[in-house]
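Keep the structure open beside you as you read.

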Amino acid sequence: MSATAPAVAPPRRSPGPVSTAPGPPKGRNLFARFIRNRAGVGALLVVLTLVILAGVGESIAPYDWRAQDITGRFAGPSPRHLLGTDELGRDIFSRLLYGARFSLAMGVGAVTLSFSIGTLVGVLAGFYRRLDGPIMRLVDVMMAFPGILLAIAIVAALGPGLTSAIIAIGVNEIPGFARLNRSMLLSLREREFVVAARVLGAPDRVVLGRHVLLNLVSPLIVYGSLRISTAILVGATLSFLGLGVQPPVPEWGAMVSTARQYIATAPHTFVYPTLAIFVTVIAFNLLGDALRDTFDPTLKD
């Protein structure tokens, strides 16, 4: 009886050197994608410049924003007054530098307020089915009012001023954040990782904090940056109507309101604050568009 030779497995080929170097982090990919957007980079530089000027504008201004020179009223742009003077002989460039803080404060403050409340409202409506109906009906009622009219009504009730304007604009922006968060929650709560976490017994605070809210950050950053421009524009409108920051504080909308009666005789008093509002709004819009393209997962690097 012949013995059967045991089968010998063929020798395995060496797989070769395996690269253990980690891939580029996600943040680096996002940064590289953002840098390629020239309009976004330019807008970011403009926004950063505005923020810096708003912080140190009063220190670097050539004149005090309250200093008057009646003999030099309506002076045109010159080396002495870069952007000219207004109806009281005040330096327009100095007033624009000082007023930047109020326009940015209204935009950023209002969006921060609406971001906080709108996110909470939207998450509650999207995550808890029993709260969805009552909350969204209230949001629908708020959206039924034209935005500027709702802001005017709130400021009229609270009284004019910077704080009242921030509250009015923030309340006006809450429905947009609430609807955005709710729509994203309705899809996220049915995803496998959320269902698995709930099946394993994770409490709601863990599911929301670890699995849901982190997936809302990118869309909310994009939407918030876009809404800052709208908030600045609405704030300037309220000041233009005499319901926002009150003269003689040089908020840009208030400066436009005062200068409109001098368009024919001294157009520079109207043009420069209007141009400041225009540049700021465009910069935040372009920045928001660039952030949207950066965080869009469907775009290839």
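**Notes for a first look**

1. Welcome to the fold: the protein chain holds eleven helices and zero strands. Please keep in mind that this is a predicted model. Along the sequence, the pattern reads α-α-α-α-α-α-α-α-α-α-α.

2. Now for the chain as a whole. Of its 301 residues, 40% are buried. Among contacts with a separation of 6 or more, 71% are between residues 24 or more positions apart. The chain exposes about 16800 Å², and carbon and sulfur atoms supply 66% of that area.

3. Do have a look at the second largest pocket, which has a volume of about 250 Å³. It is lined by 15 residues, and those closest to its centre are L50, L53, L96, W252 and A276. Helices α2 (38-60), α3 (92-127) and α11 (268-295) each give two or more residues to this lining. The largest share, five residues, comes from α11. By type, the lining has 13 nonpolar residues, two polar and no charged.

4. Is V281 buried or exposed? V281 counts as buried because its relative accessibility is 12%, and the cut-off for buried is under 20%. Beyond its neighbours within four places in sequence, V281 is in contact with S229, I232 and L233. V281 and V47 lie 234 residues apart in sequence, yet their C-alpha atoms are 9.7 Å apart in space.

5. Next, the charged pairs. Side chains of opposite charge can pair when their charged atoms come close. The whole structure contains eleven salt bridges. One of them joins the side chains of E58 and R101, at 3.8 Å from N to O. This pair links distant parts of the chain, with E58 in helix α2 and R101 in helix α3, 43 residues apart. E58 is partly exposed at 41% relative accessible area, and R101 is partly exposed too, at 26%.

6. Which residue forms a salt bridge with R137? The partner is D140, with the closest N and O atoms 2.9 Å apart. R137 and D140 are three residues apart in helix α4 (residues 129-144), so about one helical turn separates them. R137 is partly exposed at 48% relative accessibility, and D140 is partly exposed at 30%.

7. One more pair to find is D293 with R292, a salt bridge whose closest N and O atoms are 3.7 Å apart. D293 counts as partly exposed at 29% relative accessibility, as does R292 at 43%. Elsewhere, salt bridges that share partners join D86, E87, R90 and R95 into one network.

Definitions and conventions
Residues are numbered from 1 along each chain as its sequence is written. This is a predicted model: local features need pLDDT of at least 70, side-chain atom pairs count only at pLDDT 80 or more; totals for chains, interfaces and linings use all residues. Side-chain values use heavy atoms; hydrogens and water are left out. On a 1 Å grid over the protein atoms alone, a cavity is a set of points where a 1.4 Å probe fits but cannot get out, and a pocket is an open set with protein on both sides within 12 Å along at least five of seven lines; lining residues have an atom within 4 Å of a point. Grid points are joined across faces, edges and corners, and a volume is the space filled by probe spheres set on the points. Helices (H or I, at least four residues) and strands (E, at least two) are DSSP runs, numbered from the N terminus. Ala, Val, Leu, Ile, Met, Phe, Trp, Tyr, Cys and Pro count as nonpolar, Asp, Glu, Lys and Arg as charged, and the others, Gly among them, as polar. Buried means under 20% relative accessible area, exposed over 50%, partly exposed in between (1.4 Å probe, protein chains only). Contact means heavy atoms within 4.5 Å. Accessible areas come from the Shrake-Rupley method with a 1.4 Å probe; for residues, only the protein chains shown count as cover. A salt bridge is a side-chain nitrogen of Lys or Arg within 4 Å of a carboxyl oxygen of Asp or Glu.
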